[in-house]
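Q: Please pick one packing contact in this model and look at it closely. Then set it in the wider chain.

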Amino acid sequence: MDVRTLADRELAELPLIDMTEWLVRKGEHDPTFRLVANEFEVVTTLLDHGYYIEASERIVPLLGMKVPAAFHRLGLALEVKANGKKAAKRRFRSFSPAVIGHADLSDWKNAFKWDKTWLGLPLVVGLGLVALAFWPDPAPPPVTPSASDERVVTVTEEEALAKRLEELEKEVARLEEANEALQTEDESPEAPTVIPLAKVETLVSDKRYEEADALLVGKAKAGQEQAVGFYRLLVDNKLGEAEIQDYAAYVETYPESGYKADVLWMKGIAEKKAGDDMYRTTLAEVAAMDGTYWAPIAKSVLEEE
């Protein structure tokens, strides 16, 4: 298989959410993995927006740790996209014998026209080390979930945004209760449909954007206008239907929105893809929004140009 074709397949098929959750679980018992889990969130966010060079650089420390082969496959795919076949081949040769000999990397060995002499050791020795370096690790003792346990937050952009929606929902809960009496119960065809925001949020978290789009028709429930407007933008963004002016219009309409940093991030990325130099100004504004999810990522993108 051609190396670039293999890289595209890996990026499409590797279970990034499962990989993130594996790091989070390891981080519960090992502070080193806790830090790596946070860095991996940045890697997947950069990957989601096509920043292969930055993502490939940030994943390097993780490749030297005791992690499943899927992370090494991702590291190779990112390096192919970022710097080409030769650079990815050098990265492959830098792996330990146990990693190089792992069965899950057989496609990469074939793509690089694998030469057993790279190891400098009999192949059987390399294979014998696999059991010491990869799955399974001793499972931590089971923990009975309690009501106070927080949901594991994955690396995807959609779930990060969903978390902020939960915070907004808490703030408007009292207003929703006060306004519920004002909502019409008329089910006639002329009555506007109230958008089920919770269902939209779930569909977006599952990347079922077409289904979410079908629900974003009607009017927002009182107190949910900003959130509904944001999800309309996010779904349009994922379906390739959002325009730069749509993001600008949202910020102008809701200048104090809790989603302002998210919208500006999408606007900056759209401007960059369109070749509009305005993206630097937009991302600089995001980078200055300390305490937001996108600020450090925007700052990193600007610094690495």
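**The α1/α6 crossing**

A: Helices α1 and α6 cross in a left-handed way. A crossing has that hand when the near helix is turned anticlockwise from the far one by less than a right angle; clockwise makes it right-handed. Helices (H or I, at least four residues) and strands (E, at least two) are DSSP runs, numbered from the N terminus.

The model is predicted: local features need pLDDT of at least 70, side-chain atom pairs count only at pLDDT 80 or more, and totals for chains, interfaces and linings use all residues. Residues are numbered from 1 along each chain as its sequence is written, and side-chain values use heavy atoms, with hydrogens and water left out.

Now the geometry. Helix α1 covers residues 3-13 and helix α6 residues 69-83; they pack at about 125 degrees, with axes 9 Å apart. Axes are lines fitted to C-alpha atoms, for helices over the stretch in contact, and angles run from 0 to 180 degrees between N-to-C directions. The pair is therefore oblique. Under 35 degrees counts as roughly parallel, over 145 as roughly antiparallel, 65 to 115 as roughly perpendicular, and the rest as oblique.

Who meets whom? From α1 come Val3, Arg4, Ala7, Asp8, Glu10 and Leu11; from α6 come Arg73, Leu74, Ala77, Leu78, Val80 and Lys81. By class, this contact has seven nonpolar, no polar and five charged residues. Nonpolar here means Ala, Val, Leu, Ile, Met, Phe, Trp, Tyr, Cys and Pro; charged means Asp, Glu, Lys and Arg; the others, Gly among them, are polar. Contact means heavy atoms within 4.5 Å.

Leaving aside neighbours within four places in sequence, its partners include Val3, Ala7, Glu10, Arg73, Ala77 and Val80. Leu6, Leu76 and Phe92 are also among them. Trp108 belongs to the largest nonpolar core, which has 75 residues. Leu23, Phe40, Leu74, Trp108 and Trp265 have the most contacts inside that core. A nonpolar core is a set of buried Ala, Val, Leu, Ile, Met, Phe, Trp, Tyr and Cys residues joined through side-chain atoms within 4.5 Å. Buried means under 20% relative accessible area, exposed over 50%, partly exposed in between (1.4 Å probe, protein chains only).

Leu62 lies in helix α5, residues 60-63. At 5% relative accessibility, Leu62 is buried. Beyond four places in sequence, Leu62 contacts Leu23, Val36, Phe40, Val67 and Phe71. Its C-alpha is 8.9 Å from that of Glu39, 23 residues apart along the chain.

Helix α12 (residues 197-205) and helix α14 (residues 225-238) pack at about 30 degrees, their axes 11 Å apart. That makes α12 roughly parallel to α14. The crossing of α12 and α14 is left-handed. Leu197, Val200, Glu201 and Val204 of α12 meet Ala227, Val228, Tyr231, Leu234 and Val235 of α14. Here the classes run to eight nonpolar, no polar and one charged.

Lys207 sits in the loop between α12 and α13. Lys207 is not a glycine, yet has a positive phi of about 60 degrees. Its relative accessible area is 46%, so Lys207 is partly exposed.

Finally, the chain. It has 18 helices and zero strands. Of its 305 residues, 43% count as buried. Among contacts between residues at least 6 apart in sequence, 64% join residues at least 24 apart.
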